[in-house]
Amino acid sequence: MRMRPTLSWTPTEDLPPGTTDLEPVADVLSTGGVLVLSGAGISTESGIPDYRGEGGSLSRHTPMTYQDFTAGTAARRRYWARSHLGWRTFGRARPNAGHRAVAAFGRHGLLSGVITQNVDGLHQAAGSEGVVELHGNLARVVCLSCGDVSPRHELARRLEAANPGFAPVAAGINPDGDADLTDEQVGDFRVVPCAVCGGILKPDVVFFGEAVPPRRVEHCRELVREATSLLVLGSSLTVMSGLRFVRQAAHAGRPVLIVNRDPTRGDRHALTRVALPLGPALTTVAGRLGILLDSEADTA
């Protein structure tokens with residue numbers, strides 16, 4: 001499966017309006033077997049901006065594509081300079097109430113699984129288990145030549161050593177961990193090669209224009225087949241890699257519920273879309289189900 005570099009979506013049909021009624025969400029969770037599909041909107045309350053919501057990063061930032069990254073050294077230098085700076089902030093993000101609610105639903109046996117489009121690892125940090133990272137994780141780095149996978153913190157140390165004093169002030173941080181820097185700020189930033197074979201290093205994430213591993217896609221399809229319902233949290237579903245699971249669930253007669261403040265590309269397939277902030281909404285749902293959430297200190 002190849003991610004299309006779809007950067008925006010405009011509704012071409014009349015979509016049902018969003019609601020503030022959380023009862024349908026509480027009802028499906030109470031029956032169990034719910035598969036969660038989360039997007040960037042669940043992490044905004046952790047300080048990581050989304051792509052397409054109000055003030056989303058696409059208004060000022062075009063994400064790196066696989067084709068650009070592999071095309072030449074200049075694009076990789078720009079990417080790694082921006083990503084290295086962004087990682088200092090991105091890597092310190094902590095789970096918020098939305099992540100903690102999903103983890104609590106899982107501990108109480110209400111979920112059949114969690115698929116996330118995010119690359120921040122915050123579901124796992126909150127305590128969710130068996131999370132399928134559809135688009136990978138920025139905490140890992142992979143070599144495009146030998147396939148070696150290494151921790152991001154090791155690369156960060158190497159980049160610090162290769163670029164002493166590199167500390168430009170970024171205009172902002174994006175959902176992919178990329179900091180907004182000008183070409184002048186990037187300057188002659190030095191990129192380091194794979195420590196094993198000297199090859200090109202890439203974050204272990206799926207760039208726009210890159211294929212999601214087929215086995216991962218099939219695993220997600222199987223999770224949809226096994227679930228009793230699909231709960232979408234904080235995703236505009238603009239990218240087909242997530243929307244296809246909504247379509248699959250709806251075609252199979254599985255109820256689809258969406259919690260997202262803005263309209264989504266999957267609304268016409270959904271039983272309801274709750275237009276509320278995720279943290280407060282999921283905290284309210286947990287309360288209705290008699291579930292207490294771990295405090296932030298418990299997940300730090």
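Modeller: In strand β6, 4 of the 5 residues are buried, and the strand is mostly covered. This is a predicted model, in which local features need pLDDT of at least 70 and side-chain atom pairs count only at pLDDT 80 or more, while totals for chains, interfaces and linings use all residues. Residues are numbered from 1 along each chain as its sequence is written, and side-chain values use heavy atoms, with hydrogens and water left out.

Biologist: What makes a residue buried, exposed or partly exposed?

Modeller: Buried means under 20% relative accessible area, exposed over 50%, and partly exposed in between (1.4 Å probe, protein chains only). Strand β4 is mostly covered too, with 6 of its 8 residues buried.

Biologist: How do you know which strands β4 is joined to?

Modeller: Two strands pair if DSSP finds at least two bridges between them. There are 4 bridges from β4 to β6, and these strands run antiparallel. Another 3 bridges join β4 to β5, again antiparallel. Both counts reach at least two, so both are pairs. Gly136 stands opposite Val205 in β6, and Val141 has Pro203 of β6 as its bridge partner. Towards β5, Val142 is partnered by Val149. The hairpin of β4 and β5 has 5 residues between the strands, and Gly147 takes a positive phi near 80 degrees there.

Biologist: What makes β3 and β9 the edge strands of the open sheet?

Modeller: The sheet has 6 strands in the order β3-β2-β1-β7-β8-β9, with parallel pairing. Its edge strands, β3 (132–133) and β9 (272–274), each pair on one side only. For β9 the pairing is with β8 (residues 256–259), over 3 bridges in the parallel sense.

Biologist: Why are the buried residues of α6 said to line one face of the helix?

Modeller: Helices (H or I, at least four residues) and strands (E, at least two) are DSSP runs, numbered from the N terminus. In α6, Arg152, Leu155, Ala156, Leu159 and Ala162 are buried. Seen down the axis of α6, they fall within an arc of 130 degrees (taken from the directions from the helix axis to the C-beta atoms), so they line one face. Arg157 and Ala161, on the other side of α6, are exposed. The buried residues pack against α3 (73–90), β4 (136–143), β5 (149–151) and β6 (201–205).

Biologist: Why does His99 count as buried?

Modeller: His99 has 0% relative accessibility, which is under 20%, so His99 counts as buried. This residue lies in helix α4 (residues 97–107). Not counting residues up to four places away in sequence, His99 touches Ile42, Ser43, Ser46, Leu122, His123 and Ala126.

Biologist: What makes the pair of His99 and Ser43 a polar contact?

Modeller: A polar contact is a pair of N or O atoms within 3.5 Å; within protein, one must be able to donate a hydrogen and the other to accept it, and residues adjacent in sequence count only if both atoms are side-chain atoms. The side chains of His99 and Ser43 make such a contact at 3.2 Å.

Key
Contact = heavy atoms within 4.5 Å.
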